[in-house]
Amino acid sequence: MFSKILIANRGEIACRIIRTARRMGIKTVAVYSEADARALHVRLADEAVLIGAAPATDSYLSIEKIIAACKATGAEAVHPGYGFLSERALFARRLAEEGITFIGPNPHAIEAMGDKIESKRAAVQAGVSTVPGHVGVIDTPEEAERIAAGIGYPVMIKASAGGGGKGMRIAHSPGEVREGFARAKSEAAASFGDDRVFVEKFIENPRHIEIQIIADKHGNCVYLGERECSIQRRNQKVLEEAPSPLLDPETRARMGAESVALAQAVGYDSAGTVEFVVGQDRSFYFLEMNTRLQVEHPVTELVTGQDLVELMIRSAAGEPLPLAQTDVRLNGWAVESRIYAEDPEQGFMPSTGRLTTYRPPAEGVVAGVTTRNDTGVFEGGEIPVHYDPMIAKLVTHAPTRAEAIEAQAEALDAFAIGGIRHNIPFLSRLMRHPRWREGRLATGFLAEEFPEGYSPEGSADDRRLAGLIAAAATHSREPDVALPRALVLRGAKAAQDVTLNTGSDGALRIEGLGAAALVASGWLPGQAVWRGRIDGQPVTAALERQGESWTISRGGAVTRLRVLDALADRLIETMPAPDQGEEERQLRSPAAAQLSALLVAEGDRVDAGQRLAVIEAMKMESPLLAPLAGRVARILAQPGALLAAGQVILELD
Amino acid sequence: MLASSLSPHPEAARGLLTAEDRLRLLFDPGSAGIEGSGALRFGSGLVHGRPVLALADAGPGDPAVLHQRAAFYRRVANDGVALVEFLDCPPLTGAAGVEGLAAMDACLTARAALKGRGLSITALSGPALGPMALTPALADLVVMHRAAGFWSLGGAELAHRLGHEDDPEAAYGGAGLHGAGTGLAALGAADDVRLVLDIRRLLGLTRPRAAALAESDEAFTTLLPLDPFEGWDSAALVRLVADEGESLALWPDHGTALGCHLARIGGQPVGLIASNPAQNGGALDAAASRKARRFVDFLAGQGLALVMLLDTPGSLPGQAEEAAGALAEAAALRRALTALPQPPVALVLRRAQGIAALALGLGDARTRLLAWPGARIGLGGGSEGPEVPQPLSPNQTKRALIAALAGHDTPQR
């Protein structure tokens, strides 16, 4: 076994690998970019090596820098995690040349599965069910049309080197084939530098189900059940679960056996995932094979009790698999939510910056329900602009699917994040969606159920509970103000008069929001999660306060309320609108971003609407315009500076 | 009940309330007793459970009104409670001659007698001009309406007539002048309601209150920039130290090399002084010393503890500082610290050097001194001297501050 391994990755997956390595008694080496100097994976590892500037091409994608880090620290093996270099055969080869073990499949297997056409050929040869189609490059639209007619409509035209939905077109007629062929080809050339496309049957209302396999260097390979990942947004997975609510044991066994056959056909020797597109009738067709650890691997770990990272390390070290297919048992149900720094109210725009609040729900096992939170962040840490904005993977496991979903919903309500925008309200809304709960899934789920995107507005009951929580929390913050107390809760659309009074058993009696309610809670000011009982029913919500304004997030609804004593509320409405003059003279960064250019100097006269600066976040550049005409009085940030949301860049006279 | 006070009145358009509304809004609902007529309204009640007496101008004053005011000040002194006064008084009428002078002096004498006998706050939602302008100067804290508050010897008209000056009215006593320039106004408010709510908040922050302690103080570990000489914004540090992340910055636009905040730590109301390394690397200047001295005086008067969060390379040098009396201000700050009811707690983050370290009382054996790893404290300037031994791990900061406030031993003493 290795004594020291290097993790060529960052974020939650680096932390997750370090935890298993530590449990196995293996020392760990983290590599990090300048942007990650204070990242959690750097803290957790036994050693850490700076490998370059923030852009991934200068650091996490630099094969030679990682090899140099291995040599400098004496690391004997490298775990690549997912993304970055994890599926680069060249990386595995270069490591081998340097006598360093790649904790992943051999380069031949990576190459064999890396190309969609080649991998489909291999799948056909291994007897794996594939989508009816033409296994080969298509050169002309006429050829595409002829093949489509043979397969039967609808068909999918796909780029051979594709991914992420790029270079894909659905066609229902010969005309659409001709048009789609041209577009897919040009998009593939632009996106991947490879314009090869192929045609296959388009499965309507499909589901995405994948089989986890694990293999060793001795020809052994088993499958560890499936994961269903049909809830996707723009081909990015949002929720995952294991097992799939669709599969029956027979289908599972067939999919597993075919996956193992494919792996063995290409001499696979590590963890891998065989992805299938699955019809609602449980027909399944090979999609592709991912030759790495998947983001969503924890759901498999929770239902099988296996540690996939440990199995990968042992396999890379040459140990035979410690389990046979008959040892694999699926136990209970696991659900995973991907928590991202993105704003669901603004079209899922990435959000970066400092995590002023990060309070995940408690991990562990309570009454047969497991809560696991894989993360690479901590309170006070940064979500850098340079990388994938994942914050955490929240996983719950319980004996049944319904219980696992309920546990996930509760855990999401008890997850408080501040300082950046995040998608927890959206995930929480999903978790309560009846179609999700019923397991009627398809890859088009989100497009069908959220055609207008996510809205934070909740039901009347959501608003009532949020009002009760805000009123009770206001009283908890100001316990010296005697009861009874009249408050006004003012939301975006309406105001409600409520009266707080002493109820029975120390509870607070709140009137004015429907029927009088008894609210009891041990919540203390400063806690980011409110827990209590409303009319005897347990309620949990994340809450934030700014002045007298509260934001209550629960069950996918986000309710924003200003809470004032009745007199203050009435009087404040008579006051003139605040003068924004001072703020208007300041140019602020609208989001956490990098200041990529400053287009003016101190003393310059500028016109209203003139471009003053350019910021960059998540590879997107945005110009910032002068809010009004004036003279640049002070410049407070220089090009290259990382800006917090709201940070002042310059001031005008 | 409130119909009469809520009816539209000319002041509302200017963001102003009536005297009665100011008093009603000040007190906890249901606790206010309001009396008086003519030029003054008197109020008594609770603010966050704390007994407070208040008065509010309702019309032009005269010598008789001044005597009424003086009598009220004496009542406040006698009761030993906090005073909030809303000053909104046009120039005195019928105040000429010895009678007016005597009435004004009686008023000032009674007002001055409140010093050290409870908290007194003056809110300026209107003019305080001429002789009446001396009254706010005797308050512990002054809060100004940004648009309507005016506090001046005589205003622009007088300056134009006698001094041949021709500047706008605000230059002679507006909230901008007293917020950033003289530093006499501790807070500025956009409108009258905000002004009253700020006073309520201020009074509330002087009361102890239970709050949750974060499970982890990891956020402290990322506050300082990796470059030891890079400036940084201490606002995030203040948020982490303060319970609930809530603090109220006093004199926020004046003497900005230091921040002075009211907050609670571990439920205990405290004053927080925080270096501002984003400005001149945190070097102490005359204005910041003066502000800090005022704040320390205020804390001493209120019996509140002081916590200092320091990152200062020393005093800011230069002719302007010498001319501003930086040395005298630093010495006055040091002297003021001796009047605090309990020894201050000081946490040094990177450095505290030279005259600044002395002025902030770090040399005093009674100061409960804490320091983060790598911090240097001494008489030299910049970052000289050895690192302090037994540093405090940043992720223990809040717990250590609470323990130090409770009088437990600190690592550096």
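The model is predicted: local features need pLDDT of at least 70, side-chain atom pairs count only at pLDDT 80 or more, and totals for chains, interfaces and linings use all residues. Residues are numbered from 1 along each chain as its sequence is written, chains are lettered from A in the order in which they are written, and side-chain values use heavy atoms, with hydrogens and water left out.

**The interface between chains A and B**

- Chain B puts 39 residues in contact with 31 residues of chain A. Contact means heavy atoms within 4.5 Å.
- About 3,000 Å² is buried between the two chains, and carbon and sulfur atoms give 61% of that area. Buried area is the accessible area (1.4 Å probe) that two parts lose on being put together, summed over both.
- The rule finds 7 salt bridges across this interface. A salt bridge is a side-chain nitrogen of Lys or Arg within 4 Å of a carboxyl oxygen of Asp or Glu.
- D480(A) forms a salt bridge with R207(B), and their closest N and O atoms are 3.7 Å apart.
- On the side of chain B that touches chain A, the elements giving two or more residues are α2 (10-13), α3 (19-26) and α8 (192-205) of chain B. Helices (H or I, at least four residues) and strands (E, at least two) are DSSP runs, numbered from the N terminus.
- α8(B) gives the most to that side, with 5 residues.

**The open sheet of chain A**

- Nine strands make an open, antiparallel sheet in the order β13-β12-β9-β10-β11-β14-β22-β20-β19 (chain A). Two strands pair if DSSP finds at least two bridges between them.
- β13 (284-290) and β19 (364-366) of chain A stand at the edges with a single partner strand each, so one side of each has no neighbour in the sheet.
- The twist averages 25 degrees from one strand to the next. Axes are lines fitted to C-alpha atoms, for helices over the stretch in contact, and angles run from 0 to 180 degrees between N-to-C directions.
- Strands β9 (207-215) and β12 (271-278) of chain A run antiparallel and are joined by 8 bridges. I213(A) stands opposite G272(A) in β12(A).
- Helix α9 (249-265) of chain A lies across β9, β10, β12 and β13 of chain A, at about 110 degrees to β10(A).

**The closed barrel of chain A**

- The barrel has 8 strands, β24-β25-β26-β27-β28-β29-β30-β31 (chain A), with antiparallel pairing. Its twist averages 35 degrees from one strand to the next.
- β26 (508-512) and β27 (514-521) of chain A pair over 4 bridges. L508(A) stands opposite V519(A) in β27(A).
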